[in-house]
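Please look through the sequence and the model below before reading on.

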Amino acid sequence: MNLLRHRWLLPMATAVILTALWLGAGMRYDNLLSVRVFSNLLGNNAVIGVAAVGMTFVLLAGGIDLSVGAVVAFTSIFIASQMRGGMGASAVMAAALAIGTVFGALQGLMIQGYRLPAFLVTLGGMFLMRGLAFMVSEESIAITSPLYSALQERGIPLAAGVQLPLTAVLFLGVIALGALVAHGTRFGRNVYALGGSEPSALLMGLPVARVRVAVYALSGFCAALAGAALTVQSGAGNATNSQGLELEAISAAVIGGTLLSGGRGYIVGTLLGVLVAGLIRTVINFAGNVPAAWQSIAVGGLLLAFILLQKLIARRAPV
Amino acid sequence: MAFPTSSPSSVPGALKTLLWPLAALLLLLAFNAVTSDFFLHVEMRDGRLYGTLIDILNQGAKVMILAVGMTLVIATGGVDLSVGSVMAIAGALAAVLAADAHAGLWLILPACLGLAAVLGSVNGWLVSGLKLQPIIATLILMVTGRGAAKLLTGNDISPVRTITFDFPPLRFLGSGHVLGVPFSIVLVALIFGLTVLIFRRTALGLFLEATGNNETAARFAGLPAARVKVLAYAWCGLCAGLAGLVETGNLGACDPEQTGQMMELDAIFAVVAGGTVLTGGRFSLAGSILGALLIQTLTHTLLAHQVRPTVMPVYKAVVILALCLLHSPKFRAQLARLRPRRAAAGI
Amino acid sequence: MTPVLQLNGIVKRFGGFAALRGVDLEVRAGEIHALMGENGAGKSTLIKVMTGVHAPDEGTIRLGGLGISPQSPREAEAAGISTVYQEVNLLPNLSVAENILLGRQPMLGPFIRHGEVKRRARAALQRLGLDIDVTRTLGEFPVAVRQMAAIARALDVRAKVLILDEPTSSLDAKEVDELLTVMRGLRDGGMGIVFVSHFLDQIYSATDRITVLRDGGYIGTWDTASLPRLDLIGQMLGKPVVTVTGETVAEAHHSPPPATGIPLLSLQNLAREKSAGPLNFDIAPGSLTGLAGLLGSGRTESARMLFGIDPATSGKITLAGKPARLRTPREAVRHGLAFCSEDRKAEGLFPDLSVRENIVLALQASRGALRRISRKEQDALAEQFIASLNIKTRGPETPAGLLSGGNQQKVLLARWLALQPKLLILDEPTRGIDIGAKGEIETLLRSLRDKGLAVVFISAELEEVVRLCDQVVVLRDRHQEAVLQGPAISMDAILRVVAAAA
């Protein structure tokens, strides 16, 4: 079989890049190839990763969601302010997740019901949520809760003195669950069908409208979950959080092999994509004298490279 | 107005397009005039015009300049999300050239605008040559552009640095006056006139509209559809570069993190409000200018009513989403269905 | 035999226009029922009514004696009416197995039983005599296999009625035979099949009864065996077979083949891999060349190759004695070629632009953007063509999208005539337009030819080709089979070539 036509080509390419990057940088910087760095990599990228899973579903369905960064920020400040106001942690979390989901569903309804371009609706949604976040509070709000301190300390021990933080566990859990939903449920397959061809999906009698709305709702839910994870990770909520996170999430999905035209890709690929981008950041940190700005340029370059690779595959694939 | 903004043929059509944004703008101005005594007051002080209306024009200059370029891109059926980043790059380059290299305006202007136009044409090439979706193609520059701007201004000590400069000619771009009129407004008039000249006095505008309306048909009719698209994105990049210079000149400094932040939605908003449809085809440059004024007046109105700048996006988002709904045929049909029911109830 | 599907008095209006005006259709269990009609007769609207895409404004649908009113393809499918469309509407990005079972996969709790999906898909395809790896992506397979997957999908829902909408148009002869065999097998199993096809041979070899529609009206239903072909065509066209311009086929006369002089265009082995050619023929100035052949014989592909849309990969083009390369439409236009696509809406018209702008665009493009045609000149051009081609429009500033199909076609012709091309390629210019406009376009083509323009003309209506052309290039399976000239052109001659190997 032609390699270029192989279904797993893009994720495999990402895996190769990830391994090469890791080994290459590991030879240069001593401590990079350690369990601790790996554990931190997962933990530090959990927020992006959780949001990226929702984004992957949206992209698979042939859409785009530019609002996720703002939803993360809103959720974080909402949780922090409500907890300061005396609400219980679990009630606040549930409310935050519900808000994110409903908000996503509303975006989906506008896109599906009124045939508006997804980028425009979600760009509007991004402004709305960012503004609402500032409405809740202009300043950062610290969270002081015994539950939070417990959550922050907990983790799965990996090696002596190293434990996998709970946010990282959440990240891996969301990836696993996402992969299961995408591959193993009717909803998941319908998402691929919608991204493959909407007219065909309609004629095959699939519930296209419901699937599209659900996909944006799912993305809203994941973004809210990411926002909750962010509060645990940072111990605070801030309206300025996660600017441009949507772009990182899209980049992660694309680098992980999700086709921007929809219909092809894997949730596990998104995990790889998140790790590649995160590793680049880690390596830049290790290098010390390289400006941090190179991170966004490197990710942008990888994004471009993978989009070009996708084009190449699309051209070779039979119509 | 000095130039006709739509091909003179469709004058009634063009007027109809302009009617809505104009009505909305007038309504908003009237509201302000009623609620604020000083709103309509314009006076000459030290040879310069002062007044709220002048402020709106002056502060709206950036959006107006961006909207001119964005109109062309949207006419092709595309969109440019990278204008904010291009503003930051052009602003950063100008600040570095002025502060560190002590270059003159003769170098700064062509260098910054040239770079911005090149970046725009790269966008155009990704869209027309590689057939990437416009959102995605310009997203790449949106991601990398700000990083590049930081690299331009950063140094070993502070990787993200705000560069301040004391170079009057550059400052003049953003805060100077000509015959009492803020120079940024003169720049708007210049770029608007130049764009009308290039796209409406030639057949380029028609080519843009044809390409946006039906790209395949355009190619089959022998139009240079790909080149026309690249030109639109390049011009949009150039406009973004100019807007970046205006902002940098106005502040006398460039913060690569903040320059042009969130400006892309304002520009898209202005174009959509001005009557150019997002799916491409017919465009109205004058409409986009009106749209930009509309959004600036809205911003001013909200500020005047004690809305915090950080919360401003909420209102903008509500207005733009409402506007999008009004563009949706289905929503209009639903509205239309409501009307006769009401009429029937009236009888 | 009992009717399994019964439609009575179906009326469907779009705005003021009645696409169906009281149509009846009765499909029996265990029959293949042909649905016939010209383009615009209402076949596709009727199919959409049966499959729940459109709700009828009047009339009843009864399935197995019970009234139904499907609101969506899903409901129709659940009731027992499945459809396989012309352009296979499946998902090339998913596996064959998923395509067959999507939306009704066997489940275990919330999860799909992937093994069971594969097993059932394999079984469904085996019933159709197809043994392939169902886990491979559908997009990797040729159209014929995708077609079978679509039928397998319909079988899996235990459809009582299967609608096949032009399933054979992109299949080769062997694949068509296989499909017809499958259809007969399903009929013998008691299924009612509605079959839409342009190919009379297939209709007569496979179907039991024929229902004819014309202009949205119900004409009648006949046993296939008792309806001679000529009568069927008569019912579809609504009159004896005479030409639209009034002359009969026999009267059509052809100018003698151009004797001397350099041909305007000469093709030597011009071909595009896996698409068209090799083509070998000359075109003289002031002549009409027809490309004839069945659907899928490579007519459109040849035209697109000539105009540089899908440029040739081998062979030579000589234009007025000089070698030329036509790699893009722009180059072709520069060499004096013009092309009206068969797909007016997608590839020709600018619906939002005015009639005037639609007309001047190609001329403007050839002059370049900087030399803008003055408004005065534009108005003059528009008025000239609106008058000379009798374009019915409220005015030159009306958006072209608001015109009727025939008038849109005339606008496109005007666009190219404004360029004063040397060679005009027309792909089905008379399709989907009313008979009056058809006649006008034929007359126009003749007068253009007489003025020295060379025309390449593609039409699915063979009579039209015979009537008009001085030279006919007959294509089969994307190959040039014969070039007929002058008196040698006749329906018989063309049909003999087309049918030779089939």
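Predicted model: local features only at pLDDT ≥ 70, side-chain atom pairs only at ≥ 80, totals over all residues.

The paragraphs below take up confidence, a sheet, a contact between chains and a pair of helices.

The mean pLDDT of chain A is 88, and 96% of its residues score at least 70. Among the elements of chain A, helix H3 (residues 46-60) has the highest mean pLDDT, 97, while helix H14 (residues 293-316) has the lowest, 79.

Chain C contains an open sheet of six strands with mixed pairing, in the order E6-E9-E10-E3-E11-E12. Its edges are strand E6 (81-84) and strand E12 (217-223) of chain C, each of which pairs on one side only. On average, and with direction ignored, neighbouring strands of this sheet are turned by 20° against each other.

Within the sheet, strand E9 (residues 161-165) and strand E10 (residues 192-196) of chain C run parallel and are joined by five bridges. In this pair, Asp165(C) stands opposite Val196(C) of E10(C).

The contact draws 28 residues from chain C and 23 residues from chain B. Which helix gives the most to the side of chain C that touches chain B? It is H12(C), with seven residues. Helix H10 (329-334), helix H11 (344-347) and helix H12 (355-367) of chain C each supply at least two residues of that side. By type, the residues on the side of chain C that touches chain B comprise 14 nonpolar, nine charged and five polar.

Two packed helices are described by the angle between their axes and the distance between the axes. For helix H7 (residues 168-175) and helix H11 (residues 225-251) of chain B, the axes come within 6 Å and cross at roughly 110°. Therefore H7(B) is roughly perpendicular to H11(B). The residues that meet include Leu170(B), Phe172(B) and Leu173(B) in H7(B), and Leu245(B), Val246(B) and Thr248(B) in H11(B). The contact of H7(B) with H11(B) divides into five nonpolar, five polar and two charged residues.

Key: Residues numbered from 1 in each chain as written. Chains lettered and ligands numbered in written order. Pairing = 2+ DSSP bridges. Helix = DSSP H or I, 4+ residues; strand = E, 2+ residues; numbered from the N terminus. Axes fitted to C-alpha atoms, helices over the stretch in contact; angles between N-to-C directions. Contact = placed C-beta atoms within 7 Å. Nonpolar A, V, L, I, M, F, W, Y, C, P; charged D, E, K, R; others polar. Parallel < 35°, antiparallel > 145°, perpendicular 65-115°, else oblique. pLDDT = per-residue confidence, 0-100.
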